[in-house]
Structures are given as structure tokens and as C-alpha cells.
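User: I'm new to reading protein structures. Could you walk me through this one, feature by feature?

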Amino acid sequence: MLSVGIPAPDIDYHALAPEIVVAGTILLILLVDLIFGDRARAHASRIAAFGVLGALIPVLTLGADGGDVSMFNGTFVVDNFALVMKAFFLIVTYLVILVSVDSMSESDVAEPEYYLMTLTALLGMMVMGSSRDLITIFVALETISIPTYLLAGWKKHEHKSNEAMLKYFVFGVLSSAVMLYGMSLVYGATGSTLLSVIAEGPRTDLGQDLGTVMNVGIFLTLVGFAFKVSAVPFHFWTPDTYEGAPTPVTAFLSVASKAGGMVAIFSLIYVGFYGRTDAWQPIIWVMAALSMTVGNMIATKQTNIVRMLAYSSIAQAGFMLVPFAVAPEDGLNSYQSAFSATVIYMLIYGAMNIGAFATLMAIARRTRSGEISSFAGLFSYAPTLAMMMSIFLMSLAGVPIFAGWFAKFVMFQATIDGGTGMAYALGIVAAVNSVIAFFYYGNVIRLMFFREPTVEDRSPIRVPTALGAAIALCAITTVAVGIYPELFARLGERTPF
Amino acid sequence: MNWFDDWGITLTVFIPIVGAIIVLLIPKGEEETIKGVALLTSLVTLGFAIGLMAEFDYDDTAKLQFDVNTSWIDVINSRYHVAIDGISLPLVLLSALIIVLCIVYSWNHFPEPHNPKALLALMLVLETGMIGTFVAQDLILFFIFFEVVLLPMYFMIGVWGGKNREYASIKFFLFTLFGSALMLLSFLAVYFSSKDPLTGQHTFDIVTLSTAGVLDVSKTAAVVMFGGMFLGFGIKVPMFPFHTWLPDAHTEAPTVGSVILAAVLLKLGTYGFIRVALPILPEGAQEWAPYIGLLAVIGIIYGALNCLAQKDVKRLIAFSSVAHMGFVMLGIATLTSAGINAAVFGMVAHGLITGLLFFIAGSMQERYHTREMSRLGGLLISAPKMGWILGFTAMASLGLPGLAGFWGEFPAILAAYEPLSVLSEETFRTYMVIAAVGTVLAAAYLLVMYQRVAMGEVPEEFKDEHIHDVHGPEWIAWAPMLILILALGVFPKLLFGITDDAVKHVTDGIATALNATSK
């Protein structure tokens with residue numbers, strides 16, 4: 001009997017259940033497609049949707065259980081933060097499936113595979129929520145990235161969709177390489193891939209000062225994730241990819257995939273790199289300030305709504321990075337407000353941005369155009385859609401009583417809590433940008449309400465049920481959280497990482 | 001009536017928004033139902049506001065009554081705290097009344113592009129925002145309500161406005177948004193410098209923050225924080241030199257928009273000074289008061305001179321608002337109970353008088369299709385009743401004793417003679433003289449306006465046209481305002497009696513904090 005000396009890991013199947021359900025759903029879709037072929041084409045979306053909702057059940061039971069679970073030598077942790085993020089990813093994916101159903105079945109693209117890829121990316125995101133180890137983080141990241149490269153080029157006969165995929169792919173692979181190099185440096189300097197060990201700082205037993213190596217490693221690793229969350233100056237792929245990809249995919253990329261990168265930054269910074277604030281805080285500060293400013297400036301000049309939302313999502317990523325850049329450095333217990341600020345911002349951003357994309361798709365069924373000018377006079381023939389769009393855009397701009405105000409509010413709170421001159425400075429940059437942002441969001445609203453329509457057909461727009469449900473869910477969340485922010489506020493509380 | 005103590009305010013605030021949602025759910029075609037529901041909603045709201053007035057304990061107007069304080073956003077210690085005292089009560093009533101009158105007034109003539117459903121829903125949302133602001137006792141709650149009024153007014157100007165509506169609406173929006181962004185930063189700064197003696201945590205509660213010792217800030221910090229609030233509230237008032245959005249917004253807005261804007265929205269700013277800025281940051285107020293007073297008197301003179309140069313009736317009334325709000329701000333800047341009492345009276349009086357002037361201007365535009373004073377004339381001949389009402393209101397506006405306008409202006413000027421002892425008497429006495437000159441100018445521009453519009457012969461172009469005199473809905477909408485202007489003018493104690501103790505409570509707090517003697 002050959003003994004390899006590796007004990008079988010203890011597996012808590014309850015804690016792994018959400019991932020197992022999603023993985024099972026992926027296999028089921030694959031099998032059904034294999035066995036029934038085209039006859040079952042229409043069922044793929046239903047299986048996917050039920051699988052996602054099914055995976056939500058163990059997330060909820062785990063949440064009710066409380067208690068953290070750590071598995072695989074501490075590389076995979078199920079704590080409150082992981083559960084909140086998993087629930088977020090599941091709900092976002094469910095909304096994206098709702099949004100996709102009609103547009104996918106109406107076009108001639110491969111349908112079951114589409115849901116297969118979406119769910120695979122979802123699996124990566126869920127693992128990302130629990131990853132506390134460089135290797136696990138990297139694997140999770142690639143599990144997110146590879147399916148989304150494919151999804152971006154899903155309309156394979158369209159020139160723009162191909163371009164979208166290629167740009168996304170080339171930038172993505174490049175940044176993965178940079179990041180991996182950074183991780184290897186961090187590993188070399190600390191002797192471990194576990195974030196909890198990395199937190200103890202560079203090893204000293206070699207008789208060398210490895211601090212610089214580690215700082216370079218931190219820098220390169222963060223650059224890789226800056227690409228994922230499309231922070232300036234690593235954002236160049238975003239507008240073209242968002243414009244060329246099918247709109248539901250864009251919604252998925254701009255919310256779920258971005259959040260996946262954000263989650264990785266969370267674990268890296270608040271667990272692994274926290275002690276080395278001076279290595280990463282200036283980088284994040286610059287990226288946050290640039291993302292907000294550049295994203296907003298360019299967004300004001302866009303004529304295509306998807307490109308505008310792409311640049312707005314760059315700016316929003318900047319707002320999300322602000323709390324990182326100002327998190328106070330005196331000890332692990334003081335970053336609560338910065339931590340929860342980004343989590344809350346992310347959750348709220350998910351609801352309002354998916355809502356904006358879903359409404360956009362409903363409107364585009366009539367206008368067949370992504371030009372902002374085609375929104376003119378929408379209020380006169382589709383008042384409900386015009387109102388929905390306004391709710392989401394106002395929320396993105398941060399106007400009370402829509403949820404966005406609270407997202408902006410906690411972000412400003414974090415800057416004041418940061419208490420340093422740099423923190424206040426970033427707060428002022430954010431304040432100025434909030435006003436600039438209103439300008440281009442408001443422009444769309446102005447066109448919808450104040451102008452005469454340019455389209456010929458002014459009959460009411462018929463919205464498919466699934467799409468309508470997605471819009472309604474997002475709108476209800478946006479308004480409810482805006483009026484009673486406590487709904488989301490508690491979710492942002494820090495769990496002892 | 002125990003449930004009323006707990007729910008009275010909450011219902012008054014939120015019934016309008018429920019009504020707005022119901023209005024939105026009714027199909028567009030059923031206009032009569034829509035109008036009926038909207039009117040009913042506003043009447044029920046007014047009923048509740050009157051209920052608050054009836055149940056109000058007038059022996060203790062300084063006390064916050066109908067107090068409701070429950071948890072809302074725990075993570076930032078922000079609570080749903082609403083209550084009214086003698087300062088809030090008149091403004092809540094004014095808001096509820098004006099919306100009813102606006103709905104009645106628009107009954108048969110909705111401005112282009114018609115769509116009563118949307119316009120009425122917006123008016124009801126506005127009502128929630130306005131009443132909410134006047135009852136909120138928590139900074140974040142206050143801020144939310146303060147902002148809620150922004151969007152409906154933006155749409156009201158932008159959709160139903162005149163030729164330049166897009167420019168006017170965006171200007172209105174950006175000015176106000178800029179102010180509120182800085183105001184929010186000040187609120188946050190206040191929050192982080194505060195410590196609730198009961199819980200030991202930061203607090204947003206206006207009442208707690210107004211108590212001495214809760215806020216621990218240096219004088220410089222207080223001055224800076226007050227500056228943020230000053231911009232937020234000052235732009236809303238609007239004070240010179242932030243007033244430039246006002247004439248555009250007023251001129252372009254539809255009639256009911258102008259009325260609501262003048263009658264209530266401007267008061268949100270002045271109310272913010274009295275409720276939030278002064279009690280929470282008395283030291284900041286002391287440093288800022290001379291400058292606020294200066295800007296106020298500049299506003300009085302500048303507004304009046306601009307009025308003399310206007311050709312457009314609505315623009316003239318808009319600039320007269322700048323001047324009148326100058327008197328209100330001068331009263332506030334004295335930091336004395338006499339001055340602030342005058343300010344609250346001025347707010348209500350200006351709401352009624354200027355609101356009515358905008359109603360009349362709107363009705364005239366509807367009949368003559370122009371607001372150019374050079375083309376108008378002879379209103380007393382072609383529509384004598386409207387002519388007399390205009391005359392009455394113009395007299396009230398210029399501060400004729402016996403009408404409401406007088407009690408807003410005269411005591412404010414008087415109060416400037418003797419500001420709070422820590423403020424410079426010379427400065428404020430100079431302001432007093434300037435403000436007094438302003439009243440003369442006010443008489444000049446209003447009489448010139450009245451002469452051009454109402455007196456003389458009917459101009460050639462309107463000779464053959466039939467100018468309809470005041471009709472049914474107009475009578476219903478205007479009569480309460482006319483009566484109130486007269487009643488408050490003859491018997492000002494109606495209002496001073498309610499506000500006095502509440503104002504004293506505020507000014508005593510300021511005086512104690514500044515070790516000053518209030519005379």
C-alpha cells in the first residue's frame with residue numbers, strides 16, 4: 001500500500017453546498033443539452049435560474065447558522081463577508097438570466113452554452129468570496145475570466161462583438177500575467193501563499209530585507225485587479241468591450257465581474273497586505289482619483305448610452321475604491337467604516353446598474369439603437385420605462401431618495417473617518433465628481449422628458465415578462481434601500497477576517 | 001386621540017406620496033378620477049395638518065410636540081425623529097394649504113403639454129418633501145426631505161415650463177445640488193464632532209446637537225462648518241449673490257410651479273438657518289451674522305433695483321422675492337428673538353403674498369398671452385376684479401400696515417436696531433437704514449408695475465378681445481390667501497403668538513452659548 005502522506009481534507013459539505021449546487025447545475029445543463037439537443041434549448045434558462053435560486057438556500061441556512069468555517073488549510077473560508085458576497089453574486093446572476101431570456105431566444109446564438117458560461121463565471125465568483133489564499137484567488141479569477149471572454153464575443157457574426165472579445169482577452173491575459181508575477185514576488189518575500197501568513201510581513205530568516213520585493217509584488221498584484229475592476233489607467237478595454245458585447249453580458253461584466261475583482265481586493269488588502277498601508281494606499285488613492293475624474297469627464301462626451309454607462313461604471317469603480325484609499329492605518333479594528341462603505345456601495349451599485357441595463361434593453365427593443373439621442377421623448381410614449389430609467393440614473397448620480405445616495409454617503413463618511421489630509425482631499429475630488437456625474441445622467445433624463453420623440457412608432461413598448469420582472473426587482477430594491485438603508489447597511493459590517 | 005400623537009405627523013408627511021402613487025396607477029385617460037384623487041389627497045393632508053394645529057398645545061410652543069423618535073439607519077445613528085414646535089407648525093400648514101390651492105387652480109387649465117397625471121403626482125411628491133423638511137429633527141432625515149423637493153421641481157420647470165425651460169431647470173438643479181453637497185459635508189463634520197451624552201456615540205439628532213456641550217468644535221471649525229450650511233441654505237433662500245437661478249426658474253416655471261417655489265421652497269432655506277444652522281453652530285453664526293446681514297441688505301437693494309428694470313411681470317415678482325427674502329435673512333442675522341420672529345412671519349407672509357402674485361401673473365398670461373408690461377394695461381377696465389385683487393396683493397407686498405407683509409418687514413428692520421449684544425450695533429444699524437431705503441424702493445417698483453398693468457386704457461391689441469374676469473377655480477384658490485393676508489395683517493398675534501416661545505427657545509440657546517444678553 002503506497003502512502004502519499006497527504007491526509008484527506010476535512011470537508012464541511014454544508015459550507016460548500018452553494019458551490020456544489022451551482023456546479024451540479026452546470027453539469028445538468030450540459031447533460032440536458034447533450035441528450036436532448038435542440039428540443040431542450042428553451043429549458044436551459046429555466047434550469048440555470050432554478051439552480052441559482054437553489055444555491056441561494058444553503059447560503060441562507062449558512063447565514064442563519066452563523067459561525068465561520070475554514071477549510072483546506074485556511075485557503076477557503078466561509079464567513080459573513082463570503083456569504084454576503086455569494087448571495088450578491090447569485091442574485092445578480094439570477095437578474096442577468098432574467099434579462100437574457102428573451103434576447104437570447106430571439107437571436108440565433110447558442111443558448112444552453114450561454115447559461116453554461118454564465119454559471120461557470122458565477123462559480124468562480126462564489127469561490128472568490130471565500131478565497132483567502134493567493135492560488136485560490138488566482139484560480140477563482142481565471143474561472144471568472146475565461147467564460148466571460150467567451151461571453152463578450154457571443155454574437156460571433158458581429159464584428160463589434162469579436163472586437164469586444166479580443167480586446168478583453170488580450171488585456172485580461174496580460175494583466176493575469178502581471179498579477180501572477182506579482183503574486184510570485186509576494187510568495188518569495190513571505191514564503192507563503194496564505195493571506196494570513198502574508199499578513200505577518202516579509203520573512204526575516206534569510207538575512208535579507210525583502211520589504212522592497214514584497215512592495216513590488218503588492219503593486220503588481222493590485223495592478224492585475226485594477227484591470228478587473230476597470231480602474232483608470234487600466235480601463236482601456238472597458239468601453240469597447242461593453243459596447244460590443246451582448247447587452248446582458250455587459251450588465252454581467254459591469255456588475256458581477258467587477259464585484260469579483262473588488263472582492264479579491266478586499267481579501268488581499270484587508271487580510272494580506274493590511275500592515276503595509278504605505279505600499280498600496282498611494283496606488284489606490286491615485287487610481288480612485290483618476291477613475292472618478294477620467295471616467296466622468298469622458299462619460300460627459302459620449303453619444304452612445306452603453307459607452308456612457310461603461311465610462312460611468314469606471315467612475316463608479318473609482319468611488320468604490322475611495323474607502324480603501326482612506327482606510328486608517330492604525331490597527332485592524334479601525335477600518336470598519338471603510339470596509340462596510342465599499343461593500344454597501346457594491347451591493348447598491350449592483351441593483352441600480354443592472355436595472356439601468358435592463359431598462360436600456362427594454363427601450364432598445366423599440367429604438368434599435370444605442371444612441372442617447374434615440375431616447376428623446378421617451379416619456380411621451382413609454383412613461384413607465386422613462387421613469388424607471390430615471391430612477392436608476394438618479395440613483396447612480398446619488399440623488400436621494402434612491403439607494404445611490406446612501407452608497408455615496410457611506411463613501412463620504414469613510415473619507416471623513418479616515419481623518420487625514422489625503423482622505424479629505426479625495427473626499428473633495430469625489431464631491432466634485434458627484435456633481436459632474438449628474439450632468440451626463442441628467443442629460444439622458446432631460447432628453448427623455450423634455451424633448452419631442454424622434455422615432456416614428458409611438459405605440460407603447462411591450463416589455464417581456466422576465467425583463468419586466470428584472471426591472472421591477474431592481475427598481476424596488478433601489479427605492480426601498482434608499483428610503484430604509486438599514487436593509488443593506490447591516491450587510492456591510494465587518495466579520496473578523 | 002392617542003394614536004394621533006404618534007401618527008399625526010407621519011401621516012401628514014406621507015399621505016401625499018401615497019396619493020401620488022395612486023395617481024400614477026390610474027390610467028392616463030381618466031383625468032377626472034386623477035384630479036379627484038389628487039385633490040382628495042391634498043385635502044386629507046390639509047385635514048391632518050389642521051388636526052395637528054387643533055391638537056397643538058399653545059401654552060408650550062417651544063416644546064417639540066407629536067414627537068416620534070424611532071430607529072431608522074442604526075449604522076450611522078440616524079433616527080426617524082419628527083416633531084413640530086411653534087416654528088414648524090405655521091410652515092406645515094402653509095405647505096399643505098398651498099398644494100390644495102394649486103390643485104384647485106390648475107383644475108381646468110393645465111399648462112402644456114397637459115398631462116395632469118404627471119403634474120399632480122409631482123405636486124404631491126413635493127408636498128411630502130416640503131412638510132417632511134419642516135418636521136424632521138434629524139439631520140439626515142432633514143437632508144433627505146430637503147433633497148426630495150429637488151427632482152419634482154426640476155421636472156415641473158423642465159416639462160411644463162416656458163421657452164427657456166431646459167436652461168432654467170438645469171440651472172436650478174445644479175445650483176441647489178452644489179449647495180446641498182457642501183451642506184451634507186457640513187452635516188457629516190458636525191456628526192463626527194458630536195457626542196451624544198446619553199449613548200456616548202456620534203449623533204445626527206438636531207435637538208441633541210442644539211444642546212450645549214454635545215458638539216465639541218473649535219471656533220474655526222464651527223465657522224467652516226457653518227459656511228457649508230450657509231451655502232446649502234443660502235442658495236435655496238436665495239441670498240445675493242447665489243440668487244441668479246431664481247429669476248430664470250420663476251420666469252420659466254408653470255404658474256403652479258412658481259407659486260410653490262415662492263410660497264414654500266424658498267422657505268426651506270430660511271427655515272434651515274433657524275432650525276439647523278443657528279442652534280447647532282451658534283459660534284459659527286456669530287462670526288457669519290454680519291456677513292449674512294450684509295448680503296441680506298445687498299439683496300434687498302439689488303433685488304429692488306432689478307425690479308425697477310424689469311419688463312416681464314413674472315421676472316419682476318421673482319426679483320421682488322430676492323428683496324423680500326433679504327428682509328427675512330436680515331431678521332435672522334440679528335440672532336434676536338425679535339428678528340427671528342419677524343423672519344418666520346416674513347416667511348409665511350411672503351409665501352401667501354408672492355404666491356398670490358404669481359397666481360395672478362399666471363392668470364394674466366393665460367388671458368393676454370404675454371407678460372410684457374409694456375403691452376399690458378387697463379386690467380381694471382377689462383377685468384376689474386382681478387385688477388383689484390392685484391392691487392390688494394401689491395399693497396400687501398410693499399408692506400402696507402394692516403396687511404401681512406408689514407409684519408414681516410417692519411419688525412425685521414426694527415430688530416436690526418438692536419442685534420444680539422455680541423454683534424456690532426453700528427453695523428446692524430447701518431443695515432437697518434439701508435433696509436429702510438429698500439422698503440421705499442419696494443413701494444416704487446410695485447406701484448409702477450401696478451400702474452402699467454392695471455391702470456390706463458386697454459391697449460389697442462386687446463381692445464376687441466374678451467378678457468375673462470376671475471373665474472370659479474381662481475376664486476376658490478385665491479380667497480383663502482386673500483383672507484389670510486388680511487387676517488394676519490390685522491391680527492398678527494395669530495402667528496406671533498405661536499412662534500414667539502419657540503423662537504425664544506432658539507435664541508436663548510444661542511445667547512447662552514455666546515454668553516450674550518438678548519435684549
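**Reading the fold and the interface**

Analyst: Happy to. Keep in mind that this is a predicted model. Let's begin with chain B: residues 24 or more positions apart account for 80% of its contacts with a separation of 6 or more.

User: What is chain B built from, in helices and strands?

Analyst: Chain B has 20 helices and two strands. Its C-alpha trace spans about 75 × 55 × 40 Å along the principal axes.

User: How do I judge the radius of gyration of chain B?

Analyst: Compare it with what a compact globule would give. For 519 residues that would be near 24 Å, and chain B has 22 Å, which agrees.

User: Next, the interface. How much area do chain A and chain B bury between them?

Analyst: The general idea goes like this. The size of an interface is often given as the accessible area lost when the parts come together. Here chain A and chain B bury about 2,900 Å² between them, and 78% of that is on carbon and sulfur atoms. On the chain A side, the residues that lose the most area to chain B are Phe409(A), Phe438(A) and Phe450(A), together 23% of what that side buries.

User: How many residues does each chain bring to the contact?

Analyst: Chain A gives 29 residues and chain B gives 32. Four residue pairs are in polar contact across the interface, counting pairs with both residues at pLDDT 80 or more. In chain A, helix 15 (383-397), helix 16 (404-418), helix 17 (421-450) and helix 19 (486-489) each supply at least two residues of the side that touches chain B. That side divides into 21 nonpolar, two polar and six charged residues.

User: And how many salt bridges are there between chain A and chain B?

Analyst: First the idea. Side chains of opposite charge can pair when their charged atoms come close. Between chain A and chain B the count is two. In one of them, Glu166(B) pairs with Arg451(A), with the closest N and O atoms 2.9 Å apart. Glu166(B) also meets Arg446(A) in a salt bridge, at 2.4 Å from N to O. That pair runs from Arg446(A) in helix 17 of chain A to Glu166(B) in helix 7 (residues 165-192) of chain B.

User: Are Arg446(A) and Glu166(B) buried or exposed?

Analyst: You read that from relative accessibility, where under 20% means buried and over 50% means exposed. Arg446(A) has 21%, so it counts as partly exposed. Glu166(B) has 15%, so it counts as buried.

User: What about salt bridges over all chains: how many are there?

Analyst: A search of the whole structure finds 21. One of them is between Asp79(A) and Arg132(A), with the closest N and O atoms 3.3 Å apart. Asp79(A) lies in the loop between strand 2 (76-78) and helix 3 (80-106) of chain A, and Arg132(A) in the loop between helix 4 (112-130) and helix 5 (134-152), so the pair ties together parts 53 residues apart in sequence. Both Asp79(A) and Arg132(A) are buried.

User: Which residue does Asp85(B) pair with?

Analyst: Asp85(B) forms a salt bridge with Arg275(B), and their closest N and O atoms are 2.7 Å apart. This one links distant parts of the chain: Asp85(B) is in the loop between strand 2 (78-84) and helix 3 (88-106) of chain B, while Arg275(B) is in helix 11 (residues 255-280), 190 residues apart. Asp85(B) is buried, with a relative accessible area of 3%, and Arg275(B) is buried too, at 8%.

User: Last topic, the backbone. Which residues does a cis peptide bond join?

Analyst: Look at omega. The bond joining Val232(A) and Pro233(A) is cis, with omega about 5°. Pro233(A) sits in the loop between helix 8 (211-228) and helix 9 (237-244) of chain A. The bond from Pro400(A) to Ile401(A) is also cis, with omega near 5°, and Ile401(A) is in the loop between helix 15 and helix 16 of chain A.

User: And what is the phi of Asn73(A)?

Analyst: Asn73(A) has a positive phi of about 60°, although it is not a glycine. At 73% relative accessibility, Asn73(A) counts as exposed.

Methods:
Residues numbered from 1 in each chain as written. Chains lettered and ligands numbered in written order. Predicted model: local features only at pLDDT ≥ 70, side-chain atom pairs only at ≥ 80, totals over all residues. Heavy atoms only, no water. Contact = heavy atoms within 4.5 Å. Buried area = accessible area lost by both parts, 1.4 Å probe. Salt bridge = Lys/Arg side-chain N within 4 Å of Asp/Glu carboxyl O. Polar contact = N/O pair within 3.5 Å; in protein donor to acceptor, adjacent residues only side chain to side chain. Helix = DSSP H or I, 4+ residues; strand = E, 2+ residues; numbered from the N terminus. Nonpolar A, V, L, I, M, F, W, Y, C, P; charged D, E, K, R; others polar. Rg over C-alpha atoms; globule rule 2.2 N^0.38 Å. Buried < 20%, exposed > 50% of the residue type's maximum accessible area, 1.4 Å probe, protein only.
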